[in-house]
Amino acid sequence: MNQLKQKLIDAAVQLRSTSDEIRIVPGMQAQAKAMNDRAGRLEENRFTVALFGAFSAGKSSFANALMGDMILPVSPNPTTAAINKIMPPTEQYPHGTVRVVVKTREAIETDVLRSLAVFDIHAKDLESGLSEVARIDVAQVAPNAKPHYTFLKAVVKGFPEMSAHIGGELIVDMQAFKGFVAKEEKACYTEYIELFYSCALTDQGIVLVDTPGADSINARHTGVAFDYMKNADVVLFVTYYNHAFAQADREFLLQMGRVKDTFEMDKMFFLVNAADLAASQEELDGVVTHVEKNLLSCGIRNPRIYPISSQTALLARLHEKGKLAGSSEKVYRSRLALAETDELPAPKVGLTHSGLTRFEQDFLRFTLEELTQIAVDAAYHEIRRAHSLLGEFISMAQADGDLRAQRREQAIVAREGAKAAVNGLSTANEERDLDKEQSELIYYVKQRLFFRFTELFNYAFNPSVLKEDGRNMKQAVQSSLTELLRMIGYDLGQELRATSLRVEKFLNKLGARLVEQWGKEIAGMTGGLALAAYVNHAVETPAVPEELPLEASMAQLTKALGLFKGTKDFFEQDGKTRLRDELEKLLQEPVASFLAQGKELLVAQFAQAFAEMVTTERNRVLEQIDEYFTGVFAALDMTLDLDDLRARHERIGTVLQSR
């Protein structure tokens, strides 16, 4: 690990060294500054690892195994959980410091009013909303509404203590940190927590983000989870050995499948936790195959799957630190099939037995070796570019006087010609391509939504909700419709987020194409000018809607519920089919309207992003042309110290040879 971090530091040193060599050379100052900036990024390089998984999948124990100690407590409930970030310590935030960022009043109020609406209760503000919670009849709470009820009760319980901290932040210690994670009445008020902690993981520059998971009812968490999926260097998904994928997990995995191919590298790892529960290797292989098939059904092909036992791995880490004692040692011996009198083997034996060793080898190879190598290669590419350009300036300065004068006249014409070519290149074709791409992507969203409509309907209108056990069936059917509409809105929102990422990738493809075209246009005029590589532009994920526009359709949808004639007719005859077909027909227009709004949102955002990208890249190329010819004229006018340039060129060459 230290060797890999050293590679980054070494590359940063060489960048700064090369920057120092060229910063006095006319025409190379901007490149020198860019090298210094890149060196700074290498020195501060951090890899963000986002950890996702279902509630009770053992996410916390897995994170603890990675970090080597009992750091994260188990979250009480996925609906109230906050985002936990495990960060490398800094001067401002030393080891063991915890920064708790509390939700704003507006955010808490929005969450409360949204959850109350599930029970058809509407309030005007936070306080009046909390007073309404007592009105909810627990006996009538449908299964899909229970998370909202749990959340509301937690907010009510925590309000006296947390109200004074709303919209602020707290600096606390490790003990208090565990309270904010493990106590629902505190967790529900927390936006995110940063724990600054020195361990084997963070010492490598890794930031571990433990997310609330797919079960969270916090509407903002959907967008936050997507941003981490999009921007994290590595994505880890933990599932439990003998748990089937819940609907929330499946929705999350579908989103992973939608975006997986937009990433330049496959950055996803899948962990099957509690693998030691398998009675045999055949049983374990069967579970892994089952997980693989489920992932494939979500559009995730050729996944990296690792069976592990987080608990065994954590016990091995504790043994490594000399912290294994009492009941923990008994459990560890049982996992390794050791008698009480047997000597405990080296910790690496337990880690290998747990499956964590195999995962960590691949994880670190990707996180550190591959990603580090990409950063290092880019650094040395810049050094080679500087070496080549400096060599060209030296060659020009060495020419005889007549040739230099002739080249100077040619350079004046070439500079203006190159700038005219860059300014004159039309981007109309790229704009049309972008618009066409967006239209096609939105069109297929609707097709996919109705392709899985039956699946969503069956989940919403299921026997556990529509059960004649004394509950109000009219209310239960209405609740099922509400859940169906929620899932459709959620699915479409996720589709729009995934579409925005696909459009972003396409926009950057167009940007790279434009820079390549500009490079070809000016190649014959500028001699040795090699344009800097195109750097992808990040586009902020739009705040997409997640609710269908139902103003004109709600009455008809509610009327359609009259097709429900009882559970026997619904589940044993054709009642389900009649209602499903009617709802599918009635939802065509709201879905089309939703997507039209979504398309309008994306078109506006990416039209602006495209215009900004073109302006930025065009100016960047023009600046490179100006700087290049500044160096050309300095070389041709013999204003450079040729011996000094040769020495600098040779020293940069030595850097490249020593790599």
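Predicted model: local features only at pLDDT ≥ 70, side-chain atom pairs only at ≥ 80, totals over all residues.
## A buried glutamate

Two residues are in contact here when they have heavy atoms within 4.5 Å of each other.

Glu 495 belongs to helix H19, which covers residues 473-526. Is Glu 495 buried or exposed? Its relative accessible area is 2%, and buried means under 20%, so Glu 495 counts as buried.

## An exposed glutamate

Now for another glutamate, Glu 547. You'll find Glu 547 in the loop that runs between H19 and helix H20 (554-560). Glu 547 has a relative accessible area of 64%, and because exposed means over 50%, this residue counts as exposed.

How far apart are the C-alpha atoms of Glu 547 and Ala 32? They are separated by 50 Å, with the two residues 515 places apart along the chain.

Next up are helix H15 (residues 356-398) and helix H23 (residues 588-636), which pack with their axes 7 Å apart and at an angle of about 35 degrees. The crossing of H15 past H23 is right-handed.

Who meets whom? H15 brings Arg 385, Leu 389, Glu 392, Phe 393, Met 396 and Ala 397, while H23 brings Gln 624, Tyr 628, Gly 631, Val 632, Ala 635 and Leu 636. Sort the residues of this contact by type and you get eight nonpolar, two polar and two charged.

## Rings, paired and clustered

Searching the whole structure turns up 22 aromatic pairs. One of them joins Phe 359 and Phe 363, a stacked pair with 5.3 Å from centre to centre and 20 degrees between the planes. These two phenylalanines are four residues apart in helix H15, so about one helical turn separates them. Both Phe 359 and Phe 363 are buried.

There's also an aromatic cluster to look for: Phe 450, Phe 453, Phe 457, Phe 461, Phe 564, Phe 570 and Phe 571 form it together.

## Charges over rings

Finally, take a look at where some charged ends sit. Over the ring of Tyr 192 is the charged end of Lys 85, 4.3 Å from the ring centre. The ring of Phe 269 has the charged end of Arg 304 over it, at 4.1 Å from the centre.

Terms used:
Residues numbered from 1 in each chain as written. Heavy atoms only, no water. Axes fitted to C-alpha atoms, helices over the stretch in contact; angles between N-to-C directions. Left-handed = near helix turned anticlockwise from the far one by under 90°. Nonpolar A, V, L, I, M, F, W, Y, C, P; charged D, E, K, R; others polar. Buried < 20%, exposed > 50% of the residue type's maximum accessible area, 1.4 Å probe, protein only. Phe/Tyr/Trp six-rings, centres within 6.5 Å; stacked < 30°, edge-to-face > 60°. Lys NZ or Arg CZ within 6 Å of the ring centre and 35° of its normal.
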